[in-house]
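User: I would like to learn how to read a structural model one feature at a time, with the general idea set out before the particular case. Could we take the features in turn?

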Amino acid sequence: MALEAICGMNKMPFMRRFDDVQSEWQKEQLREATSNFENPYELMAPPFERPAENLPKILSHCGIRMDFDHGTTTLGFKYRGGVILCADSRATSGQYIGSQTMRKIVELNDYMLGTLAGGAADCVYWDRVLAKECRLHQLRYRKRMTVDTAARIICNISTEYKGMGLVMGMMLAGFDDEGPKLIYVDSEGMRSHGQVFSVGSGSPYALGVLDTGYRYDLSDQEAYDLARRAIYHATSKDAYSGGIVRLYHIHSEGWRNICNTDCSDLHDSYCASGCPGNENDQGNAGDSSKDTPCSSGWTKKKITEDNLQTTLATV
């Protein structure tokens with residue numbers, strides 16, 4: 001054995017033991033599976049093509065049930081005071097509620113935030129990668145990464161992994177040299193600028209409230225109330241949304257966490273004076289708007305506009 005080691009014969013493939021070859025093969029497989037530890041953009045792809053289409057077929061053939069159901073409600077809008085982001089905190093897997101304290105608004109830097117919607121693993125992983133890139137950009141160039149640059153990074157990642165089962169729809173909001181920004185990016189590689197966005201299974205209900213009450217010249221308090229009301233209505237009608245309503249405000253001095261309110265507390269506050277049949281509401285019908293958390297007055301304005309249109313049509 002000593003002579004083999006001196007001559008180097010023990011390194012030849014036909015002289016090596018089977019367990020040594022097996023252990024090296026396992027190390028190589030482990031190195032490939034954990035390649036994202038060294039390069040976060042390099043993920044191990046599934047061993048078959050078109051995973052999003054073929055994975056359900058393989059699972060049904062093997063008799064394994066794995067339903068990738070997801071749901072959430074996030075919203076964001078721009079107004080004269082900056083950008084508002086609001087989201088619930090419920091994480092679900094089908095009919096099972098996994099968590100009621102999920103943080104769906106991620107702090108990327110002091111002036112930029114991102115929201116999570118879709119697969120929790122996909123969104124959390126790529127938001128962490130983006131937060132690292134924001135920090136490295138600030139260290140290299142001595143300035144903050146712009147919201148457009150961050151959105152372009154996520155868009156390139158989505159395009160690279162398109163068709164591989166990536167499920168992600170996020171909003172990036174921040175304040176840079178060009179002012180407040182709100183950008184929507186999804187797993188199909190779409191990147192869109194806008195004034196109002198809502199993403200998730202409860203977004204139709206939230207958009208219904210936003211379409212009715214949104215205007216650009218809202219005050220800060222009116223914007224907070226509108227965002228909370230929109231998420232509250234979505235959580236009351238969407239079973240996959242709920243938990244804690246987190247509200248953030250982004251302006252020229254950075255982002256600020258306004259409040260974290262439980263949906264049950266919002267329900268008690270809203271129904272204290274707004275539910276039909278409430279005794280207090282019957283006696284104090286004129287003071288109901290004062291007790292309502294959303295006291296922006298947009299409901300009265302909408303009713304006045306409708307009455308005016310009806311009068312004009314009659315004339």
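User: Leaving aside its neighbours within four places in sequence, with which residues is Ser203 in contact?

Analyst: This is a predicted model, and contacts in it are read from distances between heavy atoms, with 4.5 Å as the limit. Once the neighbours within four places in sequence are set aside, Ser203 is in contact with Thr73 and Ser198. Ser203 itself belongs to helix H6, which covers residues 203-213.

User: Is Ser203 buried or exposed?

Analyst: The word buried is kept for residues under 20% relative accessible area. Ser203 has a relative accessible area of 11% and is therefore buried.

User: What surrounds Thr72, once residues up to four places away in sequence are not counted?

Analyst: With those residues not counted, Thr72 touches residues that include Asp88, Lys104, Leu116, Ala117, Asp238 and Tyr240, and also Val199, Gly200, Ser201 and Gly202. Thr72 counts as buried because its relative accessibility is 5%, where the cut-off is 20%.

User: How should I read Asp217, and how far is it from Arg80 in sequence and in space?

Analyst: Asp217 and Arg80 are 137 residues apart in sequence, yet their C-alpha atoms are 5.6 Å apart in space. Asp217 is found in the loop between H6 and helix H7 (220-237), and its side chain makes a polar contact of 3.0 Å with the side chain of Arg215. With a relative accessibility of 44%, Asp217 counts as partly exposed, a class that runs between the 20% and 50% limits.

User: How many disulfides are counted, and are Cys123 and Cys134 buried or exposed?

Analyst: The test for a disulfide is a pair of cysteine sulfur atoms within 2.5 Å, and by this rule the count is 0. Cys123 counts as buried at 1% relative accessibility, and Cys134 counts as buried at 2%.

User: What can be said of the chain as a whole, and of the predictor's confidence in it?

Analyst: The chain has 11 helices and 12 strands, and 39% of its 315 residues count as buried. Of the contacts between residues at least 6 apart in sequence, 61% join residues at least 24 apart. The chain exposes about 18200 Å², of which carbon and sulfur atoms supply 53%. The mean pLDDT is 79, with 75% of the residues at 70 or more. Over residues 279-300, however, the pLDDT is below 50, although this stretch has 25 contacts in the model beyond near neighbours in sequence.

Terms used:
Residues are numbered from 1 along each chain as its sequence is written. This is a predicted model: local features need pLDDT of at least 70, side-chain atom pairs count only at pLDDT 80 or more; totals for chains, interfaces and linings use all residues. Side-chain values use heavy atoms; hydrogens and water are left out. Buried means under 20% relative accessible area, exposed over 50%, partly exposed in between (1.4 Å probe, protein chains only). Helices (H or I, at least four residues) and strands (E, at least two) are DSSP runs, numbered from the N terminus. Accessible areas come from the Shrake-Rupley method with a 1.4 Å probe; for residues, only the protein chains shown count as cover. pLDDT is the predictor's confidence in each residue, from 0 to 100. A polar contact is a pair of N or O atoms within 3.5 Å; within protein, one must be able to donate a hydrogen and the other to accept it, and residues adjacent in sequence count only if both atoms are side-chain atoms.
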